[in-house]
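Please keep the structure in view while going through them.

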Amino acid sequence: MTGLLDDIKVVDLAGPAITYTGRMLVDLGADVVLVEPPDGSRSRLLAPVATVASGVTISAHFAYMAAGKRSVTLDLTSAVAAPTLERMLEWADVVLVTPDDSDPLPAGLDLEAWSEAHPRLVVTVVTPFGLRGPRRTWHGSDLTGWAAGGVLPFVGDADRPPLSPAGGLAYATASTNAAMATMLALRTRTSTGRGQLIDISVQEAVMSVALEAGPYMVMETVSIPYERTGMRRSTPPIGQYRTKDGAVSIVGYMPGQWDALASWIAEETGNDAITLDTFGGTPAARSPYVEAIDAWIEELTTRYTKQDFFEEAQRRGIPVGPVNSIADLVADPHLEATEAWRFVEDPEIGTIRYPRPPIRVDGDAGDVGRIPSVGQHTDEVLRDALGMTPIEIAGLRASGTI
Amino acid sequence: MNDDRHAPGGPTEGRHLPLEGIRVIEFGYGIAAPVAARNLGQFGADSIRVESRRKPDSLRVGGAGWIPKGYDPGVRWDTMPSLNFSSAGKRSIGLEIDSDDGYAVLQQLVARSDVFITNMSADVLPRLRLTYADLQAVRPDLVYMSMPPFGDARSPYRSFRTWGQNLSAISGVDRMIGWPDRDPVQLGFAYPDYVSAQAGTMAVVAALDRRDRTGQGCEIELSQYEMALAAIGPAVLELGLRGTVRSTNGNRVEGVAPQGIYPCRGPERWVAVSVRDDDMWAALGTVRGLTHLAGDRYATVALREAAADALDEQLTAWTSVRTDWEAATELQLAGVAASPVEDPWDLLTDPHLAAREAFRVLPHPRFGGDLVFGQAVTMSDTEPRFARAAPGLGQDSRDILTAVVGMEDEEVDRLVAAGVVHEMNRPDTTLERPFLHWIHTVSHLPWPASTFEPAELFMKRLEAEMARDADEVGP
């Protein structure tokens with residue numbers, strides 16, 4: 001563990017929209033307690049789900065997000081659970097909540113009441129459209145988050161509907177924003193003594209990762225070109241180009257980079273037109289010829305594998321990346337050389353490959369913890385953290401609350 | 001000590017900002033490090049970007065597209081809209097750090113700062129004497145964050161240069177997008193940069209807290225490649241656990257059906273719909289015009305996934321005769337997740353975003369006022385400081401050198417004359433975005449006292465200025 005947050009305690013009531021926030025806090029050393037219904041969180045069944053050799057079924061999403069967290073079961077819909085939840089919130093520095101998509105939350109959930117009852121608590125809430133504003137009651141998903149964020153008209157193919165990324169990437173940035181805000185609130189607390197309520201809207205989180213492709217475009221032009229292909233026409237060359245074994249992503253519109261690409265094409269394909277001044281000016285000057293230029297570029301790229309083209313292009317100072325599949329990543333020389341993988345032994349699942357925590361502090365990224373089983377830490381948390389007696393714990397267990 | 005701890009706008013009245021009293025030096029390029037430094041500034045730090053004129057930031061070189069070719073680059077460098085996103089609220093010092101005098105100034109700045117942030121490639125930092133060891137020597141408790149595309153001295157890619165779009169491809173993010181029957185698609189915006197900036201801001205704040213408790217700074221390394229990989233972590237586990245990763249399937253995802261982006265009335269109008277679970281499916285069956293879908297025929301997600309094409313047809317028939325807002329509103333009233341596919345104009349005119357004050361018009365040295373997106377983070381007790389839009393290159397050089405470093409004006413003059421320090425080029429030249437009055441009209445944002453010129457007149461003025469400049473230079 002990197003240890004920056006060793007003394008921070010987090011109660012995690014989050015659904016998919018910010019499960020990564022809890023993981024980020026775990027990576028920096030926080031004690032994150034996942035609260036699940038007695039029959040296990042719905043997130044344990046979230047796609048993609050795998051059945052491994054031992055016959056055990058596991059959600060890859062849950063396995064990633066829950067690693068290193070502690071699990072406590074508590075039936076929040078039961079009135080009997082209320083005092084236990086109150087004690088947890090009193091113990092914690094932070095509670096993570098997603099009212100729209102998490103496991104069942106207490107009936108009549110009142111976030112402001114939580115803040116009043118626990119003045120030092122940081123309450124971090126992620127909802128599809130935030131807690132204020134006319135659409136605050138709207139439901140959402142990762143897809144609707146992308147749709148509301150203003151960028152999809154530029155992604156995809158012209159003859160089809162706009163295309164959204166899969167993989168929970170809108171939720172991932174809601175999570176990184178939530179983690180950032182949570183830290184800012186904890187730092188505010190050191191001087192004010194007060195926690196606060198953090199309101200993250202997935203819509204705005206998406207806006208926060210795509211503005212250069214969204215609202216700022218209207219500051220440049222009145223009529224936005226509805227081109228699915230993004231900047232492909234406005235600032236060529238930019239985009240994906242076929243190789244022998246897939247594709248590479250090229251961004252070659254800066255002057256020196258274009259010159260390097262053009263002379264490489266001329267050198268290998270014998271194309272002496274591409275180095276003409278007609279194509280050498282600003283990206284906008286190249287714009288009318290984008291189809292021809294793209295075809296010329298593919299004459300070069302299709303002679304290479306994506307990794308070979310990537311390395312040679314970089315040697316020539318042209319920003320290029322191979323379009324990697326997940327399987328390609330496992331073979332990537334950088335990830336191999338920099339020890340970017342962690343292998344976690346799970347008693348039921350076997351060895352699981354994880355990407356390392358992305359933040360290194362003084363050279364150490366830390367390890368990835370285990371996936372907790374349902375309620376694995378209920379007794380220790382209730383006893384050691386909340387100071388409950390064995391009789392109290394037995395009572396909750398008898399009533400089916402834990 | 002002659003020290004000016006306040007970023008533009010000074011302390012916020014009656015509110016405590018978590019980073020007040022903290023000074024950040026950013027030596028960044030593009031998006032990742034600049035956005036992290038912008039975040040720290042908006043939450044109270046005096047965030048200073050150190051900028052070269054010989055090798056300006058890519059977002060400076062870009063400039064505004066409508067400025068005529070050949071117009072003074074020193075002015076054009078202050079005009080790209082995206083600069084407001086990367087650098088709103090910061091101060092700018094123009095400084096060439098590859099000279100001995102320039103590096104000495106940088107050392108003095110770092111000595112008086114708490115945080116240093118850079119996203120230069122790993123191989124550049126030793127050459128520029130900007131490693132953690134170099135800078136810790138002048139500020140022992142420094143919080144130092146490097147955000148290279150590929151971190152780690154052991155990396156075979158350590159000298160490689162990338163843009164966000166390249167990193168999206170390398171890290172597997174681009175493979176999360178695509179139609180099953182077509183090539184993958186470039187995401188087209190710098191997702192890895194932004195998530196790195198957000199995670200990096202978090203890490204710096206955590207490190208400052210620890211420094212305040214222990215007196216120890218630290219080195220944070222946040223490789224953008226690994227950050228993007230972390231964002232798609234579940235797909236990595238999916239490969240290991242299932243032996244394969246389900247290929248992209250348009251707007252559909254496993255375990256949710258129906259889900260898609262459906263056409264609505266009007267050109268390029270679309271609505272996104274996610275029937276997230278069985279409860280939402282039941283809700284969909286209560287929507288006027290869709291009640292024929294109710295019943296047990298599609299009661300489970302497995303049944304709905306098997307019938308996804310047919311269900312998409314049904315939904316398309318229903319959405320096609322509605323506007324995007326009508327469709328989304330009707331679905332939401334029933335309890336189904338839906339949203340219009342908003343375009344940039346929609347965002348600017350979106351009453352929901354207006355109620356949440358997502359956009360602001362902030363003071364700008366060239367435009368008077370300029371459009372800025374605030375923060376995706378709303379906090380009940382911490383109001384970010386939105387003091388200004390992006391600074392002009394070198395706009396604050398003299399203030400920073402006199403008030404922070406404690407230099408005399410004569411010394412600043414000497415450094416400017418030597419080309420080591422740059423002040424803002426032609427500070428009296430003001431411009432106007434030709435299309436900005438439209439934004440003003442549709443967004444109803446309060447605009448500063450206006451001197452709008454019609455675009456045509458404005459472009460004529462620019463051309464006249466250029467002709468005059470050419471005359472001054474002479475044949």
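How many salt bridges are there between chain A and chain B? The count between these two chains is 19 salt bridges, a salt bridge being a side-chain nitrogen of Lys or Arg within 4 Å of a carboxyl oxygen of Asp or Glu.

1. Basis of the note. This is a predicted model, in which local features need pLDDT of at least 70 and side-chain atom pairs count only at pLDDT 80 or more, while totals for chains, interfaces and linings use all residues. Residues are numbered from 1 along each chain as its sequence is written, chains are lettered from A and ligands numbered from 1 in the order in which they are written, and side-chain values use heavy atoms, with hydrogens and water left out.

2. The interface. In chain A, 146 residues are in contact (heavy atoms within 4.5 Å) with 150 residues of chain B. The buried area between the chains, that is, the accessible area (1.4 Å probe) that two parts lose on being put together, summed over both, is about 12,900 Å². Carbon and sulfur atoms give 64% of this area. One of the salt bridges joins the side chains of Glu221(B) and Arg356(A), at 3.8 Å from N to O. The largest share of the side of chain A that touches chain B comes from α6(A), with 15 residues.

3. The nonpolar cores. A nonpolar core is a set of buried Ala, Val, Leu, Ile, Met, Phe, Trp, Tyr and Cys residues joined through side-chain atoms within 4.5 Å; buried means under 20% relative accessible area, exposed over 50%, and partly exposed in between (1.4 Å probe, protein chains only). The largest core has 172 residues, and those with the most contacts inside it include Trp146(A), Tyr354(A) and Ile117(B). Helix α6 (residues 169-192) of chain A gives the most to this core, with 13 residues. Helices (H or I, at least four residues) and strands (E, at least two) are DSSP runs, numbered from the N terminus.

4. Chain B. Its secondary structure comes to 21 helices and 13 strands. Of its 475 residues, 62% are buried. In helix α11 (residues 233-242) of chain B, eight of the 10 residues are buried, so this helix is largely enclosed by the rest of the structure. Gly243(B), which follows α11(B), has a positive phi, near 80°.

5. Salt bridges within chain A. Over all chains, the count comes to 70 salt bridges. Lys9(A) pairs with Asp93(A), the closest N and O atoms being 4.0 Å apart. Lys9(A) lies in strand β1 and Asp93(A) in the loop between α3 and β6, 84 residues apart. Lys9(A) is partly exposed, at 23% relative accessibility, whereas Asp93(A) is buried, at 9%. A further salt bridge joins Arg23(A) and Asp27(A), at 3.2 Å. These two residues are four residues apart in helix α1 of chain A, and are therefore separated by about one helical turn. Both Arg23(A) and Asp27(A) are buried.

6. Salt bridges within chain B. Arg54(B) forms a salt bridge with Asp98(B), with the closest N and O atoms 3.0 Å apart. Each partner lies in a loop of chain B, so the pair ties together parts that are 44 residues apart in sequence. Both Arg54(B) and Asp98(B) are exposed. A network of salt bridges also links residues including Glu26(B), Arg49(B), Lys90(B) and Arg366(B).
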